[in-house]
Amino acid sequence: MQSLDQLVRDASELATGRSVPMTPAETEVARQMQICNACRYCEGFCAVFPAMTRRLEFGAADIHYLANLCHNCGACLHACQYAPPHEFAVAVPQALAKVRADTYAQYAWPPAFGALYRKNGLTVALALSAALALFLVLAVASQGSLWHAPLAGNFYAVFPHNTLVAMFGSVFGLALLALGIGVARFWRDVQPAQEVPAPGAATEAARAALTLKYLDGGHGEGCHDEDDRATHARRRWHHFTFYGFMLCLASTSVATLYHYVLGWKAPYPVTSLPVILGTLGGIGLIVGPIGLMRLNLRRPALHGDRAQRPMDHAFIVLLLLVSVTGLALLVGRETGAMALLLAIHLGTVMALFITLPYGKFAHGMYRVAALLKFAIEKRQPNRLALGAD
Ligand code: SF4
Ligand code: SF4
């Protein structure tokens with residue numbers, strides 16, 4: 001991870017446009033890319049290698065782009081004749097992973113918050129969830145007893161609707177704003193203004209992101225999670241997680257539509273669209289993160305950057321906490337424990353939203369931007385015309 005000095009220098013470069021020396025992690029990627037550019041054995045594996053062949057030199061912006069284009073499938077490491085213990089020590093997934101994490105911090109907005117990526121570990125996530133849940137539990141207790149007569153699943157009898165919308169809407173909005181500005185800063189750095197998006201580029205990038213195309217290892221057999229064997233497990237668990245999250249978001253959106261447009265007030269029956277979407281999303285957000293955590297714990301060191309594990313684990317555990325407490329709330333919403341379950345669930349959701357812009361969630365946004373750049377760039381004439389396009 002970057003030192004504070006480096007973060008400040010990077011922020012200064014972004015602000016002033018002045019060039020500053022590359023970090024050791026960026027220099028290492030540039031070194032490995034020079035070797036790969038001579039070798040080119042992995043040209044067909046993923047988007048990184050065709051993007052690499054369009055360059056003879058690698059500046060910081062090129063390296064940031066390639067780092068976020070890599071999906072960390074491990075295929076190039078397992079295919080590489082120059083991987084450690086060879087003296088060339090080529091370990092592309094690890095080198096790119098180190099720079100990738102640095103880019104989140106470097107482009108973060110506000111810039112001073114970039115250091116939070118290094119602090120957003122499991123302990124912080126658990127402590128924040130616990131503190132927020134406790135705060136809300138105490139707020140409920142201050143109104144009377146935590147145990148109450150059943151409220152027929154009416155959450156708004158515990159926390160008024162407008163209070164919830166104001167609290168969660170503003171935090172989620174701020175999280176998206178911070179992430180959006182960060183990705184815009186990245187985009188401005190990596191995408192030349194003269195490369196105008198050609199028709200089809202956005203569709204291709206969206207399809208690659210939604211299907212996680214580059215988690216197929218290039219050979220179609222999936223990622224190398226532990227050894228030379230490739231499996232589709234990582235792609236599958238990512239899909240459970242991503243679509244689980246999207247279903248939960250859809251559930252909230254439909255409920256908002258019901259409330260404000262149709263005037264249908266919660267609670268909604270278990271057969272209603274918001275509850276069905278939320279339940280399916282919650283199940284996806286249990287299955288996916290458990291699978292991802294299992295893979296993460298087993299991945300060899302050369303596949304990634306061990307220093308990022310706390311950030312990975314914090315995000316996975318927060319997703320699990322949100323889904324487990326959400327499903328527990330659904331099961332217990334007709335009982336006298338609803339207020340307690342609601343307070344705990346809302347505390348975990350708030351912790352997830354607060355940590356969203358400065359944690360693992362960022363990787364999805366930066367990767368989509370890198371995929372879009374790749375789709376735009378490949379439609380441009382290759383000025384070098386030396387390798388496969
Ligand atoms: S990762 Fe290894 S095998 Fe693949 S292109 Fe680079 S040097 Fe060649
Ligand atoms: S790890 Fe996979 S996605 Fe990343 S550069 Fe290697 S082959 Fe491409």
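## Around ligand 2

Of the 15 residues around ligand 2, those that come nearest are Cys46, Cys70, Cys73, Cys76 and Pro93; a residue is near a molecule if its C-beta atom, placed from the backbone, lies within 6 Å of it. The elements giving two or more residues to this shell are α5 and α6 (92–107). Helices here are DSSP runs (H or I, at least four residues), numbered from the N terminus.

By class, the shell around ligand 2 holds 11 nonpolar, 4 polar and no charged residues. Ala, Val, Leu, Ile, Met, Phe, Trp, Tyr, Cys and Pro count as nonpolar, Asp, Glu, Lys and Arg as charged, and the others, Gly among them, as polar.

## About the model

This is a predicted model, where local features need pLDDT of at least 70 and side-chain atom pairs count only at pLDDT 80 or more, while totals for chains, interfaces and linings use all residues. Residues are numbered from 1 along each chain as its sequence is written, and chains are lettered from A and ligands numbered from 1 in the order in which they are written.

## Around ligand 1

Now to ligand 1, which 13 residues surround, the closest being Cys36, Cys39, Tyr41, Cys42 and Cys80. Both α2 (24–39) and α5 (75–79) supply at least two residues each to its shell, and α2 gives the most, with 3 residues. The shell around ligand 1 divides into 11 nonpolar, 1 polar and 1 charged.

## A look at Gly180

Gly180 sits in helix α9 (residues 161–190). Between the C-alpha atoms of Gly180 and Ile286, 106 residues apart along the chain, the separation is 27 Å.
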